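Subject: Structure handover and notes

Hi,

Here is the structure I promised to pass on to you. Could you load it and keep it open while you read my notes?

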Amino acid sequence: MIRKIIKIDEEKCNGCGLCAKACHEGAIEMVDGKAKLTREDYCDGLGDCLPACPTNAITFEEREAPAYDEAAVLAAKQKKSEGKLPCGCPGMNVKAIKRDSVQTVATPVTSQLTQWPVQIKLVPINAPYFDNANLLVAADCTAFAYGNFHNEFIRNHVTLIGCPKLDEGDYAEKLTAIIANNNIKSVTIARMEVPCCGGIENAVKRALQASGKFIPWRVVTISTDGRILD
């Protein structure tokens, strides 16, 4: 049938994942860091995803497409909700830890942070600490999810943090200026496994490309239960 359905411009998509979250039917998924309409029969054509997209990558079009299947959408929502907490967060299998009668005292963790500010939107483009620096660009949640984040990631790095889901705009322009105008030795991207973190990864990749420099870089993905996935 011919009906109204969304169209996603992959070139404009920055991988922030906001449209996937805004789509209550689950028609949009993040694939290789880009938003994709993976289930045409889940798209109701109302366009809740349009205002969520910061780059105007989503538009309407009229074309041949399967009819909207409300029953399938409801069934998928029911299946997805199984095993989740009331807040909607994924539940975790937490193993019970048997403690003996000996009381233990936690060892204080020393902060490895060497500069301030750390928010991408607040750091200056030029600063002495950027000279010959190993740059860490991290999603906000990573330091909370991974217990040894300071020692394994922040130590010996200049740290920049952000959240593409909560911050307005795109980080790529600011990061391009920082990389282009300073002697950066390497770049580490630390992100969560959730789709919205694709925005920070893509912003850094575009910044590296736009800077015109060849700098070693890597991406580390952390799971919601605190494991390093890559």
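Predicted model: local features only at pLDDT ≥ 70, side-chain atom pairs only at ≥ 80, totals over all residues.

Residues are numbered from 1 along each chain as its sequence is written, and side-chain values use heavy atoms, with hydrogens and water left out.

**The sheet**

Let me begin with an open sheet of 4 strands, in the order β6-β5-β7-β8, with parallel pairing. Helices (H or I, at least four residues) and strands (E, at least two) are DSSP runs numbered from the N terminus, and two strands pair if DSSP finds at least two bridges between them. At the edges stand β6 and β8 (217–222), each with a single partner strand, so one side of each has no neighbour in the sheet. On average, neighbouring strands here are turned by 20° against each other, direction ignored.

β5 has parallel pairings with β7 over 6 bridges and with β6 over 5 bridges.

Contact means heavy atoms within 4.5 Å. Axes are lines fitted to C-alpha atoms, for helices over the stretch in contact, and angles run from 0 to 180 degrees between N-to-C directions.

**The cores**

The largest nonpolar core has 24 residues, of which F130, L135, V137, L160, L175 and V187 touch the most other members. Such a core is a set of buried Ala, Val, Leu, Ile, Met, Phe, Trp, Tyr and Cys residues joined through side-chain atoms within 4.5 Å. Buried means under 20% relative accessible area, exposed over 50% and partly exposed in between, with a 1.4 Å probe and protein chains only. Two or more residues each come from β5 (133–139), β6 (158–162), α5 (172–181), β7 (184–192) and α6 (198–211), and α6 gives the largest share, with 5 residues. There is also a second, separate core of 18 residues, with C13, A20, Y42 and A72 among them.

β6 is largely enclosed by the rest of the structure, because 4 of its 5 residues are buried. In α5, the buried residues are A172, L175, T176, A177, I178 and I179, and what covers the buried residues of α5 includes β5, β6, β7 and α6. A177 has a relative accessibility of 17%, and its C-alpha lies 9.9 Å from that of L208, 31 residues away in sequence. Apart from neighbours within four places, A177 is in contact with I125 and N182.

T142 lies in helix α3 (residues 142–145) and is buried, at 0% relative accessible area. The T142 side chain reaches the backbone oxygen of A139 at 2.7 Å. Leaving aside neighbours within four places in sequence, T142 is in contact with F149, A190, R191, M192 and I222.

D41 sits in the loop between β3 (34–37) and β4 (58–64) and is also buried, at 15%. Its side chain makes a polar contact with the side chain of R39 at 2.7 Å. A polar contact is a pair of N or O atoms within 3.5 Å; within protein, one must be able to donate a hydrogen and the other to accept it, and residues adjacent in sequence count only if both atoms are side-chain atoms. Not counting residues up to four places away in sequence, D41 touches R3, P66, A67, Y68 and D69.

**Cysteines**

How many disulfides does a search of the whole structure find? The count is 0, where a disulfide is a pair of cysteine sulfur atoms within 2.5 Å. For C49, the closest cysteine sulfur is that of C23 at 6.2 Å, too far for a bond. For C196, the closest is in C197 at 5.1 Å, again too far. Both C49, at 5% relative accessible area, and C196, at 16%, are buried.

Best wishes
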